[in-house]
Amino acid sequence: MPTQQPTHTNALINETSPYLLQHAHNPVDWHPWSDEAFAEAQRRDVPVFLSIGYSTCYWCHVMERESFENEAIAKIMNEHFVCIKVDREERPDIDDIYMAATTIFSGSGGWPMSVFLEPKSRKPFYAGTYFPAEPAYGRPSFPQLLEGLSDAWKNQNAQVIEQAESIAAAVIEQIASTNQQPVAVGQPQLTNATSALLQRFDKTNGGFGGAPKFPQPIYLEYLLDFREHTDEGTRNAIDKAAKKTLDAMANGGINDQIGGGFHRYSTDAFWTVPHFEKMLYDNAQLAGIYARASVIYDDQYYAHTAERTLDYCLREMTNQSEPGATGFFSAQDAEVDGKEGLNYLWTKAQINEVLGKGSEDAKLILDIYGLNAGTNFQDPHHKDEPPRNVLRLEDRLDTLAQRASLSENELYAKIDAINEKLYAVRQKRKQPRLDDKVLVAWNGLLIVALVEAGEALDEPRYIEAAQHAADFILGHMRSEDGQLLRAYRANVAKVPAVLEDYAMLIAGMIKLHQAPFARNRTTIEMILELADQAHELFADDAGSYYDTRANQADLFVRTRSFHDGAVPSAIGVMLNNLVDIANLANANEADAVKYRTRAANLLKAVSPALASFPMSSINSARALIHMLEQEDEYASIYAFAGSSGAGEQGKAIQSPVKVLVSTDSLTVTDDEPASFKIAIDIDQGYHIVAAEPGDSDAAKLLLPLRVGLTKGQGIAVFADYPQGKSYGLDSVGTFNINSGRIEFDVIIEKSPSVGVAPGAPVLGVSFQACNDSTCQAPQTVELDIEIVIN
């Protein structure tokens with residue numbers, strides 16, 4: 001039977017991105033992002049409609065089905081606009097700019113992103129996300145919006161241009177706000193970051209924050225770094241948070257119990273019902289943290305989780321015959337036939353059909369995967385679909401093994417064998433779409449994880465796959481002048497790489513260089529070449545980095561972000577790289593100084609973000625830990641908070657808070673702790689966040705009163721903090737504060753090795769001062785107390 005030819009074909013048919021190709025047969029006359037498309041809009045004197053999404057985006061698919069496949073709506077779009085489609089994964093530089101515009105204009109962002117541009121300047125005059133084909137969800141219909149904006153362009157053009165200039169100016173100002181005067185950062189900011197994370201930890205369900213639950217592995221990476229440099233009480237709190245979170249995610253429906261690999265996030269607080277898309281960057285980061293935790297906690301369950309996650313990547317996200325040899329793919333879709341998670345869902349009848357009703361295997365699976373407790377999934381978009389189950393574990397497998405009177409290894413073997421049967425049946429179902437483009441940045445993240453797991457689990461095959469991926473990128477994803485190209489698909493490499501591509505590939509190559517049994521070991525020269533190329537392309541004169549290249553004519557602003565999101569910020573990754581490269585280059589002192597200086601300069605750029613809200617730049621805080629471990633090496637080029645050279649860096653904040661102490665010297669021994677009193681005077685009209693700020697979201701965003709080490713090692717600190725009083729409004733959340741004058745006792749005990757860096761211990765008081773309208777950046781006041789340890 002002859003294949004039916006599509007009715008429509010537009011310019012996207014010549015693209016390689018799976019997302020763009022999904023729209024190549026829409027009746028909409030889509031164009032890729034290009035000078036030609038904007039020139040066409042100017043020629044016709046119409047605005048540009050810019051639609052940004054990605055191939056596994058559920059609501060992108062919904063808007064396509066409702067609007068972009070609708071002949072009548074497409075007619076309006078084609079008559080009144082030039083329509084441009086962008087794959088945000090190919091062009092994160094475009095996505096970042098217009099996401100900033102969307103959040104500024106509408107107060108929120110997401111995908112699909114729907115932005116209307118003035119074609120000459122490419123500045124946005126209207127922005128939103130998903131718009132329904134009919135009025136719904138408190139939003140106008142998409143046709144209404146199109147007709148209204150087209151009418152405004154024709155009849156109120158001056159106001160439209162004015163609005164575009166205003167939104168663009170706000171975007172530019174937001175990005176410019178990242179360029180602030182450096183401040184001294186050090187141990188106090190690490191203490192604040194740790195405190196903020198532990199405040200946000202969900203003690204009941206694991207994770208950080210409420211539903212929807214995102215994995216946030218970078219938080220766990222930081223905590224596992226910091227636990228090596230803190231007191232026993234904080235270490236215990238970190239271990240509790242890390243283990244609870246790792247257990248909950250591995251047990252939950254967010255973890256594909258049958259095939260391995262993690263879904264994007266959990267829609268509920270219990271990690272049960274996921275948003276079903278699978279992203280390479282999530283699985284890379286999660287595999288790495290589980291492998292690392294398996295060593296730290298000597299935990300077979302974490303090792304098993306890491307192994308199943310990476311085996312999923314090697315089986316489904318690359319060329320199976322030689323994993324990594326053509327790179328690793330980007331993502332798998334959330335839906336099948338327009339229905340969320342259909343491939344992953346099960347009923348009791350289906351389990352019984354595969355395993356045999358009443359069989360021991362069926363009884364075991366129905367029990368441990370929760371089907372006996374009833375269904376847990378009802379498709380919210382298709383109410384006529386029967387309820388089904390997302391498979392999840394009630395508890396860790398070692399605990400379930402005890403309940404089943406099996407050894408842990410016996411249960412692992414039994415579960416793995418049963419999962420193979422279920423997986424084989426599942427593979428016969430219609431599968432989610434695969435986005436098989438290769439992205440340098442996400443491959444870099446997976447290379448890191450493969451090497452870490454290869455070492456932790458003694459699995460050379462993972463390191464071999466990592467080496468294959470690095471070889472592929474360096475051999476097939478570079479331009480003629482040797483610069484990286486971001487994306488590869490269908491034998492075509494395209495799009496100049498952005499900073500995250502360089503940063504994440506360099507991170508992977510550093511791991512490969514250090515790996516014990518890597519084939520064709522990555523040389524330090526290769527790493528330095530890429531690092532110098534990144535510096536030339538993305539660094540400014542002060543040593544900070546931008547996310548994009550200079551003088552990109554198709555962008556109206558150059559972006560820079562210190563914020564860690566679903567993937568760590570490129571700048572934070574680069575900062576960690578520079579610290580590591582300086583250590584690798586130690587054999588050549590000139591190179592070591594060069595990269596150490598670059599690290600110090602980049603830390604200066606990040607320092608205002610670390611000082612004001614360290615949790616949002618937590619990967620940069622990880623780099624700060626490792627720089628403090630080598631404080632003497634950096635002493636001549638960076639003055640950490642608390643050091644005698646901090647000078648002007650530390651004077652950025654005029655504080656309404658004064659700190660007094662009852663002594664100027666203390667002595668501690670093995671048998672005798674020491675104690676003293678602290679008094680804090682807070683100016684009228686101000687307050688500080690109390691040591692126990694409460695459980696509200698507002699409380700978790702602020703940094704509480706803390707006393708601890710700002711530098712040095714050798715003591716543990718315990719404070720009898722005063723209670724706070726409730727403050728705030730129900731609309732924004734209440735939290736506890738201290739005001740006026742407060743006094744409390746502090747006890748210190750001898751505790752060798754507690755503290756980030758060797759040296760004489762120095763105490764400090766950290767706090768965040770606020771008035772009724774604003775909060776200052778967190779501050780740390782060092783206490784003028786000499787501490788003698790005998």
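Contact here means heavy atoms within 4.5 Å. With that in mind, A152, W153 and N155 in α6 meet N157, V160 and I161 in α7. This is a predicted model, in which local features need pLDDT of at least 70, side-chain atom pairs count only at pLDDT 80 or more, and totals for chains, interfaces and linings use all residues. Residues are numbered from 1 along each chain as its sequence is written, and side-chain values use heavy atoms, with hydrogens and water left out.

**Helices α6 and α7**

- Helices (H or I, at least four residues) are DSSP runs, numbered from the N terminus.
- The axes of α6 (residues 142-155) and α7 (residues 157-176) come within 5 Å and cross at roughly 105°; such axes are lines fitted to C-alpha atoms, for helices over the stretch in contact, with angles from 0 to 180 degrees between N-to-C directions.
- That angle makes α6 roughly perpendicular to α7 (65 to 115 degrees; under 35 is roughly parallel, over 145 roughly antiparallel, and the rest oblique).
- Sorted by class, their contact has 4 nonpolar, 2 polar and no charged residues. Ala, Val, Leu, Ile, Met, Phe, Trp, Tyr, Cys and Pro count as nonpolar, Asp, Glu, Lys and Arg as charged, and the others, Gly among them, as polar.

**Helices α21 and α23**

- For α21 (residues 570-584) and α23 (residues 618-628), the axes come within 8 Å and cross at roughly 15°, and that makes α21 roughly parallel to α23.
- On the α21 side, G572, V573, L575, N576 and V579 take part, and they meet N619, S620, R622, A623, H626 and M627 in α23.
- The residues of this contact divide into 5 nonpolar, 5 polar and 1 charged.

**Q189, a residue in a helix**

- You will find Q189 in helix α8 (residues 187-200).
- Is Q189 buried or exposed? Its relative accessible area is 6%, so Q189 is buried (under 20% is buried, over 50% exposed, partly exposed in between, with a 1.4 Å probe and protein chains only).
- The side chain of Q189 reaches the backbone nitrogen of G186 at 2.7 Å.
- Setting aside neighbours within four places in sequence, Q189 is in contact with A184, L610, A611, P614 and A641.

**D298, a residue in a loop**

- Look for D298 in the loop between α11 (280-296) and α12 (300-316).
- D298 counts as exposed, at 71% relative accessibility.
- D298 and L528 are 230 residues apart along the chain, and their C-alpha atoms are separated by 35 Å.

Note on methods: Helix = DSSP H or I, 4+ residues; strand = E, 2+ residues; numbered from the N terminus. Polar contact = N/O pair within 3.5 Å; in protein donor to acceptor, adjacent residues only side chain to side chain.
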